[in-house]
Amino acid sequence: MSPRAGLLMLRVGSLLAVLLGTLSASTGVGPPEPPEVPPALGTDGGVTPWIPRNWLVLPAVDRRGRRPFNPDAVVARYVLADPGLTDPRGLPAEGDVVVGETGEPGTWTARQADDKGNLDGPVGTAVTTVQAETDVVVLADLSGASRLWVNDVPHHGDVYRAGFGPVPVRLRAGENRLIVSGVRGRFRLQLHRPAAEILLPESDDTRPQLPAGQPIDTWAGVLVVNATDRWQHLPVTVGDGVVFERLDSELTLPPLGTTKLSVRLRGVAGQAPGDGLTDLVCPIRCGPALRSLALHVVDATGVHTSTFVSAMDHSVQKYSLVPPMADEGGGSSTPAEQHLVLSLHGAGVDCPSQARSYQAKPDFWIFAPTNRRPFGFDWQDWGRRDAYEVLEHGLARSGVSRTRVSLTGHSMGGHGTWHLGANDADGFAALGPSAGWIGFDTYGGRPDGSLAPVWHAADGASLTLDLLDNLVPQPIYILHGADDDNVPATEARRMHEVLTEAGAHPGIHIEPDRNHWWGEADPPRPGGADCVDWPEMFELFRASEIETDPDQIAFATVDPGVDSAHHWVTVVQPLVYGEPSRVQADRGADGVVRLTTENVRRLEVAPGVRASTWVVDDERFEAEDGATLAVYEDGTVTTSSRAGKPGWQLQWTRASPSDPLRPAAQKSPRSSGPFKRVFDRGFLLVVGTSGDDDEDRAALGVARYHAQTWWYRGNGHARVLTDREFLADPAEVHAEAHVVLYGNADSNAAWSRVLGRDGPVGVSRGRVTLGEESWEGDELAVLVVRPRADVGGADPPLVGLVAGTGARGLLLAATVPVFVSGVGLPDVTVFGPDVLTAGDEGVLAAGWFDHAWRVPPGGF
């Protein structure tokens, strides 16, 4: 028995699980009472959990925050130093001292969890060991912490205690080390024997509600768990052929894989549920697993929930809506008289609850998206994309004009209102943030570091105050409770102050003696919480429309991939990526269009905007009638015929005449970094299988960890496949998808095909090259985004590298919080294990490729 931590022995051969949980006398703690022996393994269908009771706990010795590289002394000392758990130093002993980023020594102390597995805080990191007689797969239900290391394999935990479901982990024969980190106060860990190899839990359904009387044709998302250590290629059948059409598909899951399966629900012969509002049940079979999906039938005139398939990953997402109510005479308004409000929820709130906070109105459609999850992405990154996907569905469903769309939200959703409004200045008729925080650097803050400006620039869209010019022209109503102890009212007052100083005229109301959420009726009535459903705010929405064709434009963008177009001007490329671009434009009555630019390399004006003369940054250009005008930085002017159209269209670039006007191989708003953008467009996670055993195991472990994280944080489906499977598929099957390669040029067979052989980045076993620079070692990690070399044409899909020069480098890459909002990663980052002890000082290179995907002069 190990003297370092409690042990859990699983006697698989005899179907007996015994919790030993005894600390040796050397710990200085008396032995605890022996826990009860659970029933024979498998006899209860996996209901009775096995509880690791005895832990060694270390207080927080490193700081945490929204940055790519959070020092982690525990991972540095115990995981990367001994990934195979072959060295006694891979386990701490009670009394060992660890010093991390804070500089305050932390001591490992013995602590005991209760009989449910709860270990009370404060906890920085906790370690225990599990002894297994044979290799076995169990379900780890970790609640209240974000990460579980099982030996050298990372798994995602249920940090928000959402109850979405456990994840499968593999215990090998002998001693296994479990490390729990990212703890929110306290955590609980239980281990369960899976009841079957393929599981269809009911804990994380994404279900639509079926409107009574309407034909059934919709989608649902169902959780699928592969509780084996084998790849699974599973046939999927949905429907019974009676109420629901029988539809067949297939699903591939990696060993220990967890994902959301998208299932089509279509009624037989357009069958519609009756007005009796009786729930319907649809059978779903995935491989040997079978379950039923209950679907609620609802009155479509009230608040209800719909689903759609996301273009980001082909997963099923949901939104809730409040349709317009009938007017006093029983009639209804027409789309031409109606408005649409997009309402963004706060942290931990689901979209149905957000929608039910509003009273229905005769002239408003209210749509509440999900941010992909109740916590999601703070309405940034993929949360922002989710809001726009729901908006497109809302416009199609309601028929409301795009010029009559307003945006509001509460708390985190109030921040989302500032965020979307600042990054889409011509996208909304009016903004109504309630209890909203401005940004990460005003609310909570982000840790500093020598490269903080780089990380913040890669997340520049979150810098609301840097985009103030975009907010000034917009109608805004700010709402807040004076006594808000969650988001202080100073956030509202500051935004009102800086907007007013900049020349805006925002409305504001600070409700006295009110906290974060306020104004629900007593007794409760359907909808109408005043902190979101505020009459003066909706009056502003009712009176506002987007100006469609202004003559004057003032526009700023921190990233054309987030926001490139403003009315009739599009910024295609900045001069320097990672810095804001600004354009001021004036269309005069004299036929002259004047543009002033800052950090703009390539700019286009909408084809419908024509002028006899263009003045760009004080340079005047004229050309023949019916021509496209291309202006280069050396003063050369070229034209191309546009016969029959008076005036000239402008496509302007700071380039040389030899540079094509819109070369396919260059960056564009649709095809560019930074790195996190690769997780979009139906992305694929391609795992290397051509390395040694350690490399291949690490590649699969990190890819699976990213897929688990995407499921947990983004309610998503990340398809994981091997390099060989990717290469065996016809090229056209994956031609539109972004691809993420795990491994290196020696271990991933898809590397040269997708990345190409002539690019500036090379990662092989033991070596990284980037332009003229190179580094050696087996513990280096690289995160890179490039255009796919195997797909031609304009706006090609991207390839991302999650690369390591060896197994340790790949494990190091897993420590980067890619799917956390507020964490910016530029086009390329090269780093070594020193990031775990010294943060940014362990970064070897970081920055952006130029407009042509080249290393900029002077390197990074």
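Predicted model: local features only at pLDDT ≥ 70, side-chain atom pairs only at ≥ 80, totals over all residues.
**Entry 1**

I began with an open sheet of seven strands. I read the strand order as E42-E41-E43-E48-E47-E49-E50, and the pairing is mixed. As background, strands of a sheet pair through backbone hydrogen bonds, either parallel or antiparallel.

Which strands stand at the edges? I found strand E42 (719-722) and strand E50 (843-847) there. Each has a single partner strand, so one side of each is left without a neighbour in the sheet. I also looked up the twist, which averages 15 degrees from one strand to the next.

Next I zoomed in on one pairing. Strand E41 (residues 684-687) runs parallel to E42, and four bridges join the two. For a landmark I noted Val686, which stands opposite Leu721 in E42.

**Entry 2: a helix across the sheet**

What does helix H9 (residues 693-714) lie across? I listed E41, E42, strand E43 (739-743) and strand E48 (798-804). The helix runs at about 165 degrees to E41.

**Entry 3: rings around Trp710**

I turned to aromatic pairs and got a count of 29. I picked Phe377 and Trp710 to look at in detail. Their ring centres are 6.2 Å apart and their planes are at 25 degrees; planes under 30 degrees apart count as stacked, so this pair is stacked. The two residues come from distant parts of the chain, 333 residues apart. I placed Phe377 in the loop between strand E25 (364-368) and helix H3 (382-398), and Trp710 in helix H9.

**Entry 4: a lysine and two rings**

Which rings does the charged end of Lys667 sit over? I found Tyr577, with the charged end 4.0 Å from the ring centre. I also found Trp853, at 5.0 Å from the ring centre.

**Entry 5: His156**

I looked up His156 and found it in strand E10 (residues 153-156). Its relative accessible area is 7%, so His156 is buried. Leaving aside neighbours within four places in sequence, I noted its contacts as Ser146, Val167, Tyr705, Gln708, Thr709, Tyr712 and Arg713.

**Entry 6: a covered helix**

How many residues of helix H4 (residues 412-422) are buried? I got eleven of its eleven, and I wrote the helix down as mostly covered. Among the buried residues are Met412, His415, Trp418, His419 and Leu420.

**Entry 7: cysteines**

Last, I looked for disulfides and the count came to zero. For reference, a disulfide is a covalent bond between the sulfur atoms of two cysteines.

Technical notes. Residues numbered from 1 in each chain as written. Heavy atoms only, no water. Pairing = 2+ DSSP bridges. Axes fitted to C-alpha atoms, helices over the stretch in contact; angles between N-to-C directions. Contact = heavy atoms within 4.5 Å. Buried < 20%, exposed > 50% of the residue type's maximum accessible area, 1.4 Å probe, protein only. Phe/Tyr/Trp six-rings, centres within 6.5 Å; stacked < 30°, edge-to-face > 60°. Lys NZ or Arg CZ within 6 Å of the ring centre and 35° of its normal. Disulfide = S-S within 2.5 Å.
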